[in-house]
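Here are my notes for you, written as numbered points. Please keep the model open while you read.

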Amino acid sequence: MGKQIEATKHGTAVTEVVKTPRYAWVILAITYLASITAPLGQFKVTAIAGEIIGAYGLNYATFGMLMTCLAIIGAILAFPAAFICRRIGLKATCTLAMSCIIIGGLVEIATGNIALLYLGRFIEGIGLGLVGVAAPTIISIWFPEKTRGLALGAWCTWVPMAITIDFNVAPALAASYGWQSVFYAVIAITAVALVLFVILYRSPVGQSNIANYGVEGSMRECFQYLKNKYIWILGLTFLVFNFIQGGVVNTYYPTYLGSMGFDMATAGFMTSIITLIGFVMNPLSGAWSDRLPINKKFILVALFAATSIIGFIVGFPEELSPLGLAGIWVFIVLMGFSAAFGGGGSRPLAPTILSSSAMAATLGMAVMQFTQCFGQMLAPVYGACLDSGLGWIGSAWGTVIPLSVIALILSFFIKPGGKVAPGEPAEDKPE
């Protein structure tokens, strides 16, 4: 199933590539729906930032903490999530994740108490941490290498899709029915996704595309996979990507647009164009990754960093002149491409770097989830820069732009293909 079979024809070795199973696409669909429930909950507060800030009297830094407290638990759970998947299975892990998103949402709207709002965000963070590791692993074991980049690239639109929905639906919903209605809507969507996932999910029959899931080695032996330095270089670039996209763009750019005179709905719509571009381009980036030679796959990571540097240089004009408005739209387009290159180009590299088994792939995804959450966790740093009086562009020069330069340099050191087996020393060079 989706595997390569060696055969001999007229004395010559022939490799037959079995097609992707049809049910893999069903798995992708239900896993995708399960996945987007986490960022739907994560970014619902930024979509109605004005409502939340006004209701609780928050400043920029404390508002950023609403994103950070969710990301903190997601980061803490990233590596335990790999072993939770191994212990209780992928289906149960995703089921638990969606249950946490529902419970967290109910806690958040139980009262107007800020402490319960933060508590609910922590519970939602458990769901984010679990689904962010389990979901891409499910896709990795169902899809063969020839189509895995495309499938993971499509799955990587989970965050852009959720943000697009949040930023376009949530403001209107909050204006008509109050900000609590947005929280109830996320709970309802998650409940539907949970039911569909439980009914339709199944494990691949026979040998999976990445062998030996959940039966290999002790925990200590499995952690040998993490001695591969290339997965950490990739993870560091992914951390920068998520700080930029989740920690800055999706957290603060609607507020910046509001400060320039755009109303909440328009600011949300303009920001959602970034995620819409990422949504359209992510699968294409994944497909491009499939076609690139293994030693050239870093190109997509380099492109995300380069587009981020240019975007943030022009994207925060101080006045809404024709030139300033042009800068805003250049930023929106460039950051949309950055979202696609960083998401669709980075995630498929993890199971390529750690490809010897499903547990290796799961730990690779754990590194990605850890760095994703850690990057988003840095959102208050940008908020603190704003509160200190640096301004929008000054804060960008103090954080995003230098970090993007570092990510650009690091991208040239990513070398996919290295494998580490449990109990064996780490292999620095790809095989």
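**Notes on the model**

1. Let's start with a polar contact: the backbone oxygen of V198 lies 3.1 Å from a polar atom of the K91 side chain. A polar contact here is a pair of N or O atoms within 3.5 Å; within protein, one must be able to donate a hydrogen and the other to accept it, and residues adjacent in sequence count only if both atoms are side-chain atoms. Please bear in mind that this is a predicted model, where local features need pLDDT of at least 70 and side-chain atom pairs count only at pLDDT 80 or more, while totals for chains, interfaces and linings use all residues. Residues are numbered from 1 along each chain as its sequence is written, and side-chain values use heavy atoms, with hydrogens and water left out.

2. Staying with K91, you will find this residue in helix α4; helices (H or I, at least four residues) are DSSP runs, numbered from the N terminus. K91 is partly exposed, since its relative accessible area is 31%; buried means under 20%, exposed over 50%, and partly exposed in between (1.4 Å probe, protein chains only). Not counting residues up to four places away in sequence, K91 touches F197, V198 and Y201, where contact means heavy atoms within 4.5 Å. From K91 to F197 the C-alpha atoms are 8.1 Å apart, although 106 residues separate the two in sequence.

3. Next, the salt bridges, each a side-chain nitrogen of Lys or Arg within 4 Å of a carboxyl oxygen of Asp or Glu. How many does a search of the whole structure find? There are three salt bridges. K44 pairs with E108, with 2.8 Å between the closest N and O atoms. Because K44 lies in helix α1 (residues 23–47) and E108 in helix α4 (residues 90–108), this pair ties together parts that are 64 residues apart in sequence. K44 has 0% relative accessibility, so this residue counts as buried, and E108, also at 0%, counts as buried too.

4. K44 also meets E124 in a salt bridge, at 2.8 Å from N to O. Here K44 in helix α1 is linked to E124 in helix α5 (residues 114–142), 80 residues apart. E124 in turn bridges to R121, the closest N and O atoms being 3.2 Å apart. Those two residues are about one helical turn apart, because E124 and R121 are three residues apart in helix α5. Both E124 and R121 are buried. Taken together, K44, E108, R121 and E124 form a linked network of salt bridges.

5. Now for a helix pair. Two packed helices are described by the angle between their axes and the distance between the axes. Helix α3 (residues 60–88) and helix α16 (residues 379–387) have axes that come within 8 Å and cross at roughly 175°. The axes are lines fitted to C-alpha atoms over the stretch in contact, and angles run from 0 to 180 degrees between N-to-C directions. Helices α3 and α16 are therefore roughly antiparallel, a label for angles over 145 degrees. On the α3 side, Y60, A61, G64, M65 and T68 take part, meeting A379, P380, G383, L386 and D387 of α16.

6. Finally, F79 is also placed in helix α3. With a relative accessible area of 14%, F79 is buried. Leaving aside neighbours within four places in sequence, F79 is in contact with L226, W232, L363, A366, V367 and F370.

Note on methods. Parallel < 35°, antiparallel > 145°, perpendicular 65-115°, else oblique.
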